[in-house]
Amino acid sequence: MAAVTFRALARISVATLIVAAGAGGAAAQGEVNVYTYREQKLVQPLFDAFTKDTGIKVNMVSASSGLEQRIKTEGANSPADVLLTVDIGRLEDAVQAGITQPIKSDVVEKAVPAQYRDAEGHWIGVSMRARVVYAAKDRVKQDAITYEELADPKWKGKICIRSGQHIYNNALFAAMIAKHGEAKTEEWLKGLKANLAQKPSGGDREQARDVAAGKCDIGIGNTYYWALMLNNPQQKAWADATKVILPTFKDGGTHVNVSGVVLAKHAPHKAEAMKLIEWLVGDKAQHMYADSNFEYPVKAGIEINKTIAGYGKLKPDPMPMDKIAQNKKAAANLVDKVGFDN
């Protein structure tokens, strides 16, 4: 059976399909089909710049869930070339679903530290974000904190956080298991739950909103959300009322997660897909991740956005990302066991 064309896919699923028109005046030199969980406004500038540089058109399918299963169901006829997502868990889920193939590239290996790519090449990180504390400027005097300290009774009734099952918190809890084991992490989760000011809810920005409103003194969120709030007139007051503290584990290092890509197993435009992947870890894209999305570049030597740099020098936890992925299921089970979201 002939491969399903991207045009055919568009007819099948118009509701979830966004076709990104090529930017710039470069002549068409192929196309690449990207499935992504990322918001269009965050990745469209990257795709436009890639098209301008290479002439390769980027066609994008955007969805909030189910893309791994969709690619698996499409099988050998899948039009997907690349899956672009956030969270090491989702990248590993793609590998476990059998929908990836190794990314073999000297360019990638040179640009991306081994900690942020799969040993077999089935996924690579393209940007980083840290899980940090949004602290009330007027009520939290300390400027340093450990993740372990979040369970200290001195914070009773003072912490806000989104669902413990959300991928961002799940990865943090998985890292805690990797460091301390399940038993100690369970006790830590019980302590953290005891310190919550309210039932886990909302997104990361809502935690800063609630700190600004005085509902809690500490919110847990990702680094880039704070910068985005600072540049949003409707949310700037939330950022202005808070300060970002880069927590560390007791043995040092701040928990980071990645956004990353996999090369689809049956990529019909493999050559173009590899050009996109290599471009995403190149200098231009890495600068765009820093300045447009307020994420940390994975490539060394790329200047960090000044807002993000203002948090202080990030010293990422050196734990390999795949070790976090290995403990995500255990972390999810502990969240249910302690009734974290109840």
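Helices here are DSSP runs of H or I at least four residues long, numbered from the N terminus. In this predicted model, helix 3 covers residues 67-74, and both Glu74 and Arg70 lie within helix 3, four residues apart, which is about one turn of the helix. The side chains of Glu74 and Arg70 meet in a salt bridge, with an N to O distance of 3.4 Å. Glu74 has a relative accessible area of 19%, and because buried means under 20%, Glu74 counts as buried.

Side chains of opposite charge can pair when their charged atoms come close. A search of the whole structure finds 21 salt bridges, one of which joins the side chains of Arg129 and Glu295 at 2.9 Å, N to O. This pair links distant parts of the chain, since Arg129 belongs to strand 6 while Glu295 sits in the loop between helix 11 (283-292) and strand 11 (296-297), 166 residues apart. Arg129 is buried, with a relative accessible area of 2%, and Glu295 is likewise buried, at 0% relative accessibility.

The pair formed by Glu149 and Lys154 can be read in the same way, with a salt bridge between the two side chains at 2.7 Å, N to O. Here Glu149 is buried, with a relative accessible area of 17%, whereas Lys154 is partly exposed, with a relative accessible area of 43%. Elsewhere, salt bridges link Glu186, Glu187, Lys190 and Lys337 in a network.

Strand 6, which spans residues 124-136, also holds Ala130. Ala130 counts as buried because its relative accessibility is 0%. Which residues is Ala130 in contact with, leaving aside its neighbours within four places in sequence? The contacts of Ala130 are Gly221, Asn222, Thr223, Thr254, His255, Val256, Tyr296 and Leu314. Asp341, by comparison, lies 211 residues from Ala130 along the chain, and the C-alpha atoms of Ala130 and Asp341 are separated by 22 Å.

Rolling a probe the size of a water molecule over the atoms shows where empty space is left. The largest pocket holds about 390 Å³ of space, and its lining is made up of 19 residues, with Tyr37, Glu39, Tyr168, Tyr224 and Tyr225 lying nearest the centre. The elements that give two or more residues to this lining are helix 2 (40-54), helix 6 (167-194), helix 7 (204-212) and helix 8 (223-230). Helix 8 supplies the largest share of the lining, namely three residues. By residue class, the lining of the largest pocket divides into nine nonpolar, three polar and seven charged residues.

The second largest pocket contains about 280 Å³ of space. Its lining consists of 16 residues, and those nearest the centre of the second largest pocket are Met128, Pro297, Lys299, Ile304 and Pro316. How do the residues of the lining of the second largest pocket divide into nonpolar, polar and charged, and how many fall in each class? Twelve are nonpolar, two are polar and two are charged.

Technical notes:
Residues are numbered from 1 along each chain as its sequence is written. This is a predicted model: local features need pLDDT of at least 70, side-chain atom pairs count only at pLDDT 80 or more; totals for chains, interfaces and linings use all residues. Side-chain values use heavy atoms; hydrogens and water are left out. On a 1 Å grid over the protein atoms alone, a cavity is a set of points where a 1.4 Å probe fits but cannot get out, and a pocket is an open set with protein on both sides within 12 Å along at least five of seven lines; lining residues have an atom within 4 Å of a point. Grid points are joined across faces, edges and corners, and a volume is the space filled by probe spheres set on the points. Ala, Val, Leu, Ile, Met, Phe, Trp, Tyr, Cys and Pro count as nonpolar, Asp, Glu, Lys and Arg as charged, and the others, Gly among them, as polar. Buried means under 20% relative accessible area, exposed over 50%, partly exposed in between (1.4 Å probe, protein chains only). Contact means heavy atoms within 4.5 Å. A salt bridge is a side-chain nitrogen of Lys or Arg within 4 Å of a carboxyl oxygen of Asp or Glu.
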